[in-house]
Amino acid sequence: EAAAGDREVCLVLVSGKARVSAGGQSFGVIGERDDPFAGKPWSLYVPARSQWQVLAEGPCELAVCSAPARGGKPARLIPPDEVGEETRGKGTNTRHVRNILPDSSPHAESLLVVEVITPGGNWSSYPPHKHDVNDPPRETLLEETYYHRLARGAGFALQRVYTDDLSLNETMAVGDRDVVLVPRGYHPVGAPHGFDLYYLNVMAGPVREWRFTMAPDHAFLQFA
């Protein structure tokens with residue numbers, strides 16, 4: 001349990017079941033999947049300046065996503081049937097997105113939260129794109145984190161985080177349960193053949209819209 005303080009929180013049940021409450025309201029027991037690859041998640045939105053509590057009902061993995069906020073939204077349960085699902089890309093650029101708190105949702109002040117399943121042999125967050133300049137509607141400033149899980153619990157994925165001038169230029173072999181910070185720059189992800197990849201993607205910034213710029217050398221590719 002914790003106080004949200006001056007931050008809003010999205011609690012995502014990565015796996016397992018838990019009894020949850022927020023803002024003085026009990027939402028009962030939520031969660032139904034054994035692992036993050038097994039269907040859509042249960043989540044709970046917690047407004048700033050409120051308390052939240054989670055009591056695990058057996059083995060449970062909980063993601064606590066937070067960002068600065070004023071506290072103008074109510075506590076709200078986000079069940080699986082309210083999580084939109086879409087497939088992006090084509091060919092070896094195919095991935096499956098679960099929209100927990102997309103920018104089209106009015107139920108958050110700063111947070112954008114999605115899950116993505118990238119089948120082995122495919123790329124994700126690709127073509128490379130960035131959102132580190134606050135110039136809406138052309139581009140919005142959104143910091144970002146990736147929490148990675150591998151379906152087999154072993155192996156690796158690849159993620160590169162880099163800027164045009166290469167002042168930031170890191171390529172990482174990502175293992176199961178690794179977190180990658182994207183403070184700025186482009187951030188494509190690759191899942192090797194045979195190793196399906198999940199990541200929980202959390203973004204936040206001063207304008208709650210996902211507006212991006214593609215890498216110039218990839219501009220001939222259609223972003224989808």
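**View 1. Salt bridges across the model.** The structure holds 17 salt bridges, each one a side-chain nitrogen of Lys or Arg within 4 Å of a carboxyl oxygen of Asp or Glu. Keep in mind that this is a predicted model: local features need pLDDT of at least 70, side-chain atom pairs count only at pLDDT 80 or more, and totals for chains, interfaces and linings use all residues. Residues are numbered from 1 along each chain as its sequence is written, and side-chain values use heavy atoms, with hydrogens and water left out.

**View 2. R177 and E61 reach across the sequence.** These two residues form a salt bridge, and their closest N and O atoms are 3.5 Å apart. R177 sits in the loop between β16 (169-174) and β17, while E61 belongs to strand β7 (residues 61-68), so the pair ties together parts that are 116 residues apart in sequence. Strands here are DSSP runs of E, at least two residues long, numbered from the N terminus. How accessible is R177? R177 is partly exposed, with a relative accessible area of 46%, whereas E61 counts as buried at 16%. For these words, buried means under 20% relative accessible area, exposed means over 50%, and partly exposed is in between (1.4 Å probe, protein chains only).

View 3. D132 and K130 meet through their side chains, at 2.9 Å from N to O. D132 is partly exposed at 22% relative accessibility, but K130, at 11%, is buried. In another salt bridge, E209 meets R211 at 3.7 Å, N to O. Both partners here are partly exposed: E209 has 29% relative accessibility and R211 has 31%. Now look for shared partners: salt bridges of that kind join K130, D132, D135, R138 and E139 into one network.

**View 4. An open sheet of six strands.** Follow the order β9-β10-β11-β19-β14-β17 and you have walked across the sheet, where the pairing is antiparallel. Two strands count as a pair if DSSP finds at least two bridges between them. Which strands are at the edges? They are β9 (84-88) and β17 (179-182), each pairing on one side only. On average, neighbouring strands of this sheet are turned by 20 degrees against each other, direction ignored. Those axes are lines fitted to C-alpha atoms, with angles between N-to-C directions running from 0 to 180 degrees.

**View 5. β14 beside β17.** Zoom in on strand β14 (residues 143-150), which is joined to β17 by four bridges. The two strands run antiparallel.

**View 6. The largest nonpolar core.** This core has 20 residues, and C10, V12, C65, I100, L101, V113 and L200 touch the most other members. A nonpolar core, by the way, is a set of buried Ala, Val, Leu, Ile, Met, Phe, Trp, Tyr and Cys residues joined through side-chain atoms within 4.5 Å. At least two residues of the core come from each of β2 (7-15), β7, β10 (95-101), β11 (111-118) and β19 (197-204). Which strand gives the most? That is β19, with four residues. Apart from this core lies another, of 15 residues, among them L168, V182, V189 and L197.

**View 7. The neighbours of C65.** Leaving aside residues up to four places away in sequence, C65 touches E8, V9, C10, V12, L111, V113, L200 and V202. Touching, or contact, means heavy atoms within 4.5 Å.

View 8. You'll find H218 in the segment after β20 (213-214). Is H218 buried or exposed? H218 is buried, with a relative accessible area of 17%. Not counting residues up to four places away in sequence, H218 touches Y126, P127, P128 and Y162.

**View 9. G72 in its loop.** G72 lies between β7 and β8 (76-78). With a relative accessible area of 64%, G72 is exposed.

**View 10. Zooming back out.** The protein has zero helices and 20 strands. Of its 224 residues, 49% count as buried. Its C-alpha trace spans about 50 × 40 × 30 Å along the principal axes.
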